[in-house]
Amino acid sequence: MKQFIENLPKAELHLHIEGSFEPQLMFEIAKRNNIAIPYNSIKEIEDAYKFSCLQDFLNIYYQGAGVLIKEQDFYDLTYSYFKKCALQNVRHAEIMFDPQTHTERGVSFETVINGISKACADAKNNLGISSLLIMSFLRHLSEESAFETLAQSIPFKHKIKAVGLDSSEQGNPPSKFKNVFEASVKEGYIPLAHAGEEGGADYVWEAIDILKIKRIDHGNNAIHDDNLVKEIIKRDIALTVCPLSNTALKVVDDLKKHPLKKMMELGLKVTINSDDPAYFGGQVTKNYLDIQAALNLSKNEIYQLARNSFQYSLLDENKKKKYISELDAYFF
Ligand code: ADE
Ligand code: ZN
């Protein structure tokens, strides 16, 4: 099973590039930018990564991202993620980035997008991994700030496929961003959002009905509402589930109690992802391995999860087919 999962061709659809920032690289970049960080060793960093909820994590995550200043920093961050993808046979990645985390500190949108997108181009050329970018609005900030970010993105529209919504969920419902999502769709961006991670099923309803999202990030709490489950299935909207994130942030207290298998049995389209791998103890492959062991998933179920990762990607139909044939050749 271990080897089967490690070599399985897969796509990652829920990954925050700022959440892939490994301690070693954080030290290196902090040093070259002359920025002090409140840790003296990798051990101290690892000890600090103990979270009791989403906000607890976000405070540390934004602090870590604060050492990223130059285009090269964003390039190094992104390329180092792709090198890990290559080791896990991740064939395609849909990468979220949080422009406001950087523009609020005086780093330009251009610096961020150029560093990230150059790494994406090099990953395609050198490693054969395809990718696309999801610009995520921070929901703890105002809709006006999201509108400013949308405006900043327009010159780089050809590099961005979708918009997302992340950060502190509770108290920041999807409806707060109704207008900016409408405007984003008019610009050609595909709408996506985190919903039902800490927020309830009502937030997932808002995300699908008001923001009209095409994929739900997390969506764990959707299963508490039978009508919502039916509606998600009817609209063929997939969920990007992140098992190790869920235990790290106490969304689920034990992987053995994770709702992933139940979601699949209900008929929901589920994918497996790492969310913020540097903070939650594992890359996407470890998410597959640990959830497989906890829920005793069959090879067939693992195949289905990998198939969903291509099927519910934002790639065009031809590319989806190409990757699914590659997966089928591996599995059958
Ligand atoms: N930003 C990075 N990771 C996140 C998560 N799991 N939920 C909300 N916002 C995030
Ligand atoms: Zn996330």
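**Cysteines and ligand**

Modeller: Let me start with Cys85: at 0% relative accessibility, Cys85 counts as buried (buried means under 20% relative accessible area, with a 1.4 Å probe and protein chains only). This is a predicted model, where local features need pLDDT of at least 70, side-chain atom pairs count only at pLDDT 80 or more, and totals for chains, interfaces and linings use all residues. Residues are numbered from 1 along each chain as written, chains are lettered from A and ligands numbered from 1 in the order written, and side-chain values use heavy atoms, leaving out hydrogens and water.

Biologist: How many disulfides does the search find?

Modeller: Zero in the whole structure, taking a disulfide as a pair of cysteine sulfur atoms within 2.5 Å. For Cys85, the nearest cysteine sulfur belongs to Cys120, 10.0 Å away.

Biologist: And Cys120, buried or exposed?

Modeller: Buried, because its relative accessibility is 10%.

Biologist: Switching topic: which polar side chain or backbone atoms lie by a nitrogen atom of ligand 1?

Modeller: A polar side-chain atom of His16 is 3.3 Å from a ligand nitrogen, and a backbone N or O atom of Ser167 is 2.8 Å from one. In the side chain of Asp275, an N or O atom lies 2.7 Å from a nitrogen of ligand 1.

Biologist: How much of ligand 1 does the protein cover?

Modeller: 100% of the 260 Å² of accessible area that ligand 1 has on its own (Shrake-Rupley method, 1.4 Å probe).

Biologist: Which helix gives the largest share of the shell?

Modeller: Helix α4, residues 54-65, with four residues (helices are DSSP runs of H or I, at least four residues).

Conventions. Buried < 20%, exposed > 50% of the residue type's maximum accessible area, 1.4 Å probe, protein only. Polar contact = N/O pair within 3.5 Å; in protein donor to acceptor, adjacent residues only side chain to side chain. Helix = DSSP H or I, 4+ residues; strand = E, 2+ residues; numbered from the N terminus.
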